[in-house]
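I wanted a quick look through this model before doing anything else with it. These are my notes, in the order I looked things up.

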Amino acid sequence: MKKARIETPLGIAEITGDAEGIISVKVLDEGKITKEIPGLLKDAVQQLQAYFEGKSENFNLPLNPRGTEFQKRVWNELQKIPYGTTTSYLKLAQKLGDVKAIRAVASANGKNPLWIIIPCHRVIGTDGSLRGYAGGLYRKKWLLDHENPPLQQSLF
């Protein structure tokens with residue numbers, strides 16, 4: 001298993017992966033930046049940097065997240081949420097076929113090991129409010145604003 005840490009506008013991103021794919025991407029408040037990126041993590045680093053620079057909206061990486069079958073179903077559904085859009089926990093539960101599973105869906109969303117790559121930040125409350133986010137609500141708001149910046153108002 002290899003690790004790399006890179007600087008992002010939201011803190012240090014720690015990327016972990018192996019020959020099977022990217023296992024996790026998490027955000028840290030502090031840590032040392034990796035000077036030499038391991039070969040199998042270079043694509044992930046480049047794609048994350050392109051995302052933060054506004055040059056890319058999608059990720060094309062082999063993923064190898066660790067979780068239960070239900071969690072993986074939720075994470076697969078999260079990957080279908082288009083860049084710049086949001087959905088609710090309720091709608092996500094409906095897409096998975098069980099409205100009563102809303103809490104389990106929210107829990108699986110919170111345990112997403114692939115920060116940004118599996119876009120759990122795109123899930124909000126039914127009322128449009130920002131709900132829990134493992135990286136902190138300010139990061140969730142930043143990511144949503146990054147993906148859908150407000151239109152510039154004309155002065156004339």
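Which residue's side chain does E147 join in a polar contact? I found R122, at 2.8 Å. (For a polar contact I take a pair of N or O atoms within 3.5 Å; within protein, one must be able to donate a hydrogen and the other to accept it, and residues adjacent in sequence count only if both atoms are side-chain atoms.)

Ground rules, before I go on. This is a predicted model, so I ask for pLDDT of at least 70 for local features and 80 or more for side-chain atom pairs, while totals for chains, interfaces and linings use all residues. Residues are numbered from 1 along each chain as its sequence is written, and side-chain values use heavy atoms, with hydrogens and water left out.

**Entry: E147**

I placed E147 in helix α5, residues 137-147. (Helices are DSSP runs of H or I with at least four residues, strands are runs of E with at least two, and both are numbered from the N terminus.) Buried or exposed? E147 counts as buried, at 5% relative accessibility. (Buried is under 20% relative accessible area, exposed is over 50%, partly exposed is in between, with a 1.4 Å probe and protein chains only.) Leaving out residues up to four places away in sequence, I see E147 touching Y51, Y83, G84, H121 and R122. (Contact means heavy atoms within 4.5 Å.) I also checked G54: its C-alpha is 8.2 Å from that of E147, though they are 93 residues apart in sequence.

The domain assignment gives domain 1 as 2-53 and domain 2 as 69-147. (Those bounds come from an automatic or database assignment.) I get 21 Å between their centres, taken over C-alpha atoms. How much area is buried between them? About 1,300 Å², with carbon and sulfur atoms giving 71%. (Buried area is the accessible area, 1.4 Å probe, that two parts lose on being put together, summed over both.) In domain 1, L10, V25 and Y51 lose the most area to domain 2, together 52% of what that side buries.

Next I looked for polar links. The rule finds one salt bridge across the interface. (A salt bridge is a side-chain nitrogen of Lys or Arg within 4 Å of a carboxyl oxygen of Asp or Glu.) It also finds six residue pairs in polar contact there, both residues at pLDDT 80 or more.

**Entry: α1**

I listed the buried residues of α1: A44, V45, Q47, L48, A50, Y51 and F52. They pack against β1 (2-8), β2, β3 and α5.

S88 lies in strand β4, residues 87-88, and is buried at 6% relative accessible area. A polar atom of the S88 side chain lies 3.0 Å from the backbone nitrogen of K91. Beyond four places in sequence, S88 touches V123, I124, G125 and T126.

L130 is in the loop between β5 (123-124) and α5. I make L130 partly exposed, with a relative accessible area of 31%. Apart from neighbours within four places in sequence, L130 is in contact with I124, L137, K140, K141 and L144.

**Entry: salt bridges**

How many salt bridges does the rule count? I get 10. The side chains of D29 and R139 meet in one at 2.6 Å, N to O. R66 and D18 meet in another at 3.2 Å. R66 is in the loop between α1 and α2 (69-78) and D18 is in strand β2, so this pair ties together parts 48 residues apart in sequence. R66 itself is partly exposed, at 49%.

E53 pairs with K55, with the closest N and O atoms 3.3 Å apart, and K55 counts as exposed at 68% relative accessibility. D145 and K141 meet at 2.8 Å, N to O. Both lie in helix α5, four residues apart, about one turn of the helix. D145 is partly exposed at 35%, and K141 is partly exposed at 45%. Last, I noted a network of salt bridges linking K3, R5, E14 and K26.
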